[in-house]
Amino acid sequence: MEHHYGNLYWPTTWERSETYTPLTRNLRKNVAIIGGGMSGSICAHTLIEAGLSTVILERDEISGGSTSANTGLLQYANDVMLYELCDQIGTGPAVQFYAACRMAVHQLRELAARLPQEIEFVDRSSLYLASSVDDVPKLQREYEMLTRYGFDVEYWSAEQLASRFPFTKPAALLLHGDAEVNPYRFVRSLMEDNVRRGVEVYNQTEVVVHRTVDGQHLLETANGHIVEADHVVYAIGYEPEELRGQLIKADINRSYAAVTAPQHSLDVWPGRYMIWETARPYLYMRTTQDGRVVVGGLDEEQSVPVADDHARARRIDKLERSIRSMFPTLDQPIEYEWCAAFGESRDNLPFIGSDPSWPGVYYCLGYGGNGTVYSMLASGIVRDLMLGREPHPVWQTVRLDRPSLAGSSI
């Protein structure tokens, strides 16, 4: 299945010409990671730092899948509000999960600072808008919950918002501690760093058979080569064949995104906050370092991205009008646009951790709007499980056989 259709922006920002080749020999490693995108690159970094020999096997191109369509918002707040998550899984686990996501943003910040190439990582706050008057009580309750548990957040009334921005909404939360990144440059730079540290990386290398012999995992590629590993990590954007149908409502849907030409001025956008809203499906916006606007949303419950240019253009026109309605003076046209597939789980949480029935197999399936944050969270959990350490307690919340999904009616 194609991951996306359209004219992607992020790959145009990377001028380097490093290449990765297909696997042409048999290998023996501690860890084999299937997937060469955001999850795979971050996991490889964490595992090689832990002293585990690691190989990445990517069936297409490195960073060519969902990474290229990622819009680069790094937020600890999730698609499900904290107070809603408390009702869903309990206050302790919910607060713990939000805190772990906040820490993951900080870990991404630290990792970005160590990378050799500029990846356009910028600390940003997030402006969470009430889409209607009916949503104001939700924001008020969320503000109270976030404040109670030590998250840095402000509540803005309609008047406060209108005094700062050229648009008005009934209320908003301003959440501090988030960031934005160029996801393509992040993965390409991190992969270069991984190779320097000893990770072997192969593209155009599809794993067609995964079997276990005497406790060792044998991965056979389409070209007939064998990778033997103690551990295997599935770091892909979709539910692998080995799990097909076993995850409860892990749906693949599609979304749309667009990037404008550089704007003449962004003075009307104080703080260049990342913007999103309470409506579902929600609209979101951010800026880039060269003054472009990235806008996305209009999610649809269809698994196949829209290939037809005219059909896609109708949705993109709607996204462009959304920019104009909020920032009338930002008049530069759309230059890039695409439709991409993304995954959602029943409880709006990722699937991270070991296979309940297959020793030595792990999954980093970052379903939801915070995929990059989940990738960072997953890398530490998987490392600790491999090394026999006590994993972060949040593992109980995101594991594949978590109690919150068993017999759930969510």
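Colleague: At what angle do helix H3 (residues 82–89) and helix H5 (residues 136–148) pack?

Modeller: This is a predicted model; local features need pLDDT of at least 70, side-chain atom pairs count only at pLDDT 80 or more, and totals for chains, interfaces and linings use all residues. Residues are numbered from 1 along each chain as its sequence is written, and side-chain values use heavy atoms, with hydrogens and water left out. Helices are DSSP runs (H or I, at least four residues), just as strands are (E, at least two), numbered from the N terminus. The axes of H3 and H5 lie 8 Å apart, and the angle is about 75°.

Colleague: Are H3 and H5 roughly parallel or roughly perpendicular?

Modeller: Axes are lines fitted to C-alpha atoms, for helices over the stretch in contact, and angles run from 0 to 180 degrees between N-to-C directions. Under 35 degrees counts as roughly parallel, over 145 as roughly antiparallel, 65 to 115 as roughly perpendicular, and the rest as oblique. The angle here is about 75°. H3 and H5 are therefore roughly perpendicular.

Colleague: Which residues of H5 make the contact with H3?

Modeller: Contact means heavy atoms within 4.5 Å. H3 brings Leu82, Tyr83, Cys86 and Asp87. H5 answers with Lys138, Arg141, Glu142, Met145 and Leu146.

Colleague: How many charged residues does the contact of H3 with H5 have?

Modeller: Ala, Val, Leu, Ile, Met, Phe, Trp, Tyr, Cys and Pro count as nonpolar, Asp, Glu, Lys and Arg as charged, and the others, Gly among them, as polar. This contact has five nonpolar residues and no polar ones. The charged residues number four.

Colleague: How far apart are the axes of H4 and H9?

Modeller: H4 and H9 pack at an angle of about 90°. They are therefore roughly perpendicular to each other. Their contact includes Phe97 of H4 and Met376 of H9, and its residues divide into eleven nonpolar, two polar and no charged. The axes of H4 and H9 are apart by 8 Å.

Colleague: Which element gives the largest share of the lining of the second largest pocket?

Modeller: A pocket is an open set of points on a 1 Å grid over the protein atoms alone, with protein on both sides within 12 Å along at least five of seven lines; a cavity is a set where a 1.4 Å probe fits but cannot get out, and lining residues have an atom within 4 Å of a point. The second largest pocket holds about 340 Å³. Of its 19 lining residues, the closest to the centre are Gln107, Met376, Ser379, Gly380 and Arg383. The largest share, eight residues, comes from H4.

Colleague: How much space lies in the largest cavity?

Modeller: Grid points are joined across faces, edges and corners, and a volume is the space filled by probe spheres set on the points. The lining of the largest cavity includes Asn78, Glu142 and Trp276. By class, that lining has seven nonpolar, one polar and one charged residue. The space is about 40 Å³.

Colleague: Is Asn194 buried or exposed?

Modeller: Asn194 sits in helix H7 (residues 183–197). Buried means under 20% relative accessible area, exposed over 50%, and partly exposed in between (1.4 Å probe, protein chains only). Asn194 has 0% relative accessibility, so it counts as buried.

Colleague: What is the relative accessible area of Glu301?

Modeller: Glu301 lies in the loop between strand S15 (293–300) and helix H8 (309–326). Glu301 is exposed, at 72%.

Colleague: What distance separates the C-alpha atoms of Asn223 and Arg25?

Modeller: Asn223 is in the loop between strands S10 (216–221) and S11 (226–234). Along the chain, Asn223 and Arg25 are 198 residues apart. Their C-alpha atoms are separated by 9.5 Å.
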